[in-house]
Amino acid sequence: MTLSEDCFAAWAPDHSIWSEWAKPVAFVQAANLNLGDPPSDADLPSIPLTVGSNSAVVVDLPGAESVYAGLALAGRGIRPVPLFNGTSGPSAVIDVQPIAHALVTGAERLTRNQVARDAAPAFLLDSRRNDPAIVIRRGVYDNRWVTLPQDFPSGALLASRGIHHVTLVQRDGLSIRPDLAHVLRRWQEHGIALRVVDLASGRTADNVRVPKPSGFKLAWYSAIALLGLRRSNVGGFGSRIPEHTGRAGFYG
């Protein structure tokens, strides 16, 4: 097996039901990484929550911090599931290399934790994935992405596995990003309670009700959500925005 395959197998072992949702995109870049030291205890954030067997976690933190949070949760018996879906390219608008590096160098630590086969999941996202503050210009590699309901197990499946609570961990307040709201609202319709934790302020909100987001459960929602984003030919999102060449049109 290659380094990419070995690392992906550590994060998405065959014996875990949640591995079906793990995204391989970030691991494809492992062969091009200059590997350094593995994550230390100091790299792992302190997450102020108690998670039982009937609780899942969604980690929506920036970049590699999401991976480190997943490793911290694995040390507490929770199965981290990477959902990162942006590829890497020249002049990328989102730097995903630190995510790939953290996944690869953290694989051995994750394996040592020996998370139980039936452990509850922690789904890992990059909060920068579609930041409205990102400036897009011609010639850059546009690797913005969104997460969709089909990227997660359904609320019915979670409930059937005894999961009745979910904690959302983020770092920029208690507001929920629009794409993630579509997922969490669906889960709530299956009786799953939501708690939101903001690591920056230490604030928490329990029994959060997610309002119906725009386009909720409409057939065209996915098409609208993906509008303006660029698919990669290796899976996930990312491609170069063509340059202008005057009257000749575009190239790239």
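Predicted model: local features only at pLDDT ≥ 70, side-chain atom pairs only at ≥ 80, totals over all residues.

Q: Which residue stands opposite proline 80?
A: Proline 80 has alanine 122, in β3, opposite it.

Q: OK, and what's the order of the strands in the whole sheet?
A: The sheet is an open one of six strands, in the order β2-β3-β1-β5-β6-β7, and its pairing is mixed. At the edges are β2 (79-82) and β7 (204-205), each of which pairs on one side only.

Q: Switching to the inside: how many residues does the largest nonpolar core have?
A: That core has 38 residues, and Trp11 and Leu103 are the ones with the most contacts inside it. At least two residues each come from α1 (3-11), β1 (55-61), α2 (64-74), α3 (97-113) and β3 (121-126), while α2 gives the most, with eight residues.

Q: What does leucine 103 actually touch?
A: Not counting residues up to four places away in sequence, leucine 103 touches Trp11, Ala26, Phe27, Val67, Pro82 and Phe84. Apart from this core lies another one, of 32 residues, which includes Ala22, Ala56, Val166 and Val183.

Q: Back to Trp11, then: which residues of α1 are buried?
A: In α1 the buried residues are Ser4, Cys7, Ala10 and Trp11. They are on the same side of α1, because they cover an arc of only 125° around the axis. In general, an α-helix has 3.6 residues a turn, so residues three or four places apart point the same way.

Q: And what covers that buried side of α1?
A: The cover over the buried residues of α1 includes α2, β2, α3 and β3.

Q: Is aspartate 126 buried or exposed?
A: Aspartate 126, which lies in strand β3, counts as buried because its relative accessibility is 1%, and the cut-off for buried is under 20%. A polar atom of its side chain lies 2.8 Å from the backbone nitrogen of glycine 63. Leaving aside neighbours within four places in sequence, aspartate 126 is in contact with Asp60, Leu61, Pro62, Gly63, Phe84, Ile94, Ile99 and Trp145.

Q: How about helix α5, how many of its residues are buried?
A: Nine of the 11 residues of α5 (residues 178-188) are buried, so this helix is largely enclosed by the rest of the structure. Among the buried ones are Asp179, His182, Arg185 and Trp187. The buried residues of α5 pack against β1, β3, α4 (155-160), β5 (165-170), β6 (193-198) and α6.

Q: Last topic, backbone angles: what is the phi of serine 91?
A: Serine 91 has a phi near 55°, which is positive although the residue is not a glycine. Most residues other than glycine have a negative phi. Serine 91 is found in the loop between β2 and α3, and with a relative accessible area of 51% it is exposed.

Q: And where is asparagine 207?
A: Asparagine 207 lies in the loop between β7 and α6 (221-225). Its phi is positive too, at about 50°, and asparagine 207 counts as exposed at 60% relative accessibility.

Definitions and conventions
Residues numbered from 1 in each chain as written. Heavy atoms only, no water. Core = buried A, V, L, I, M, F, W, Y, C linked by side-chain atoms within 4.5 Å. Buried < 20%, exposed > 50% of the residue type's maximum accessible area, 1.4 Å probe, protein only. Helix = DSSP H or I, 4+ residues; strand = E, 2+ residues; numbered from the N terminus. Contact = heavy atoms within 4.5 Å. Pairing = 2+ DSSP bridges. Arc of directions from axis to C-beta. Polar contact = N/O pair within 3.5 Å; in protein donor to acceptor, adjacent residues only side chain to side chain.
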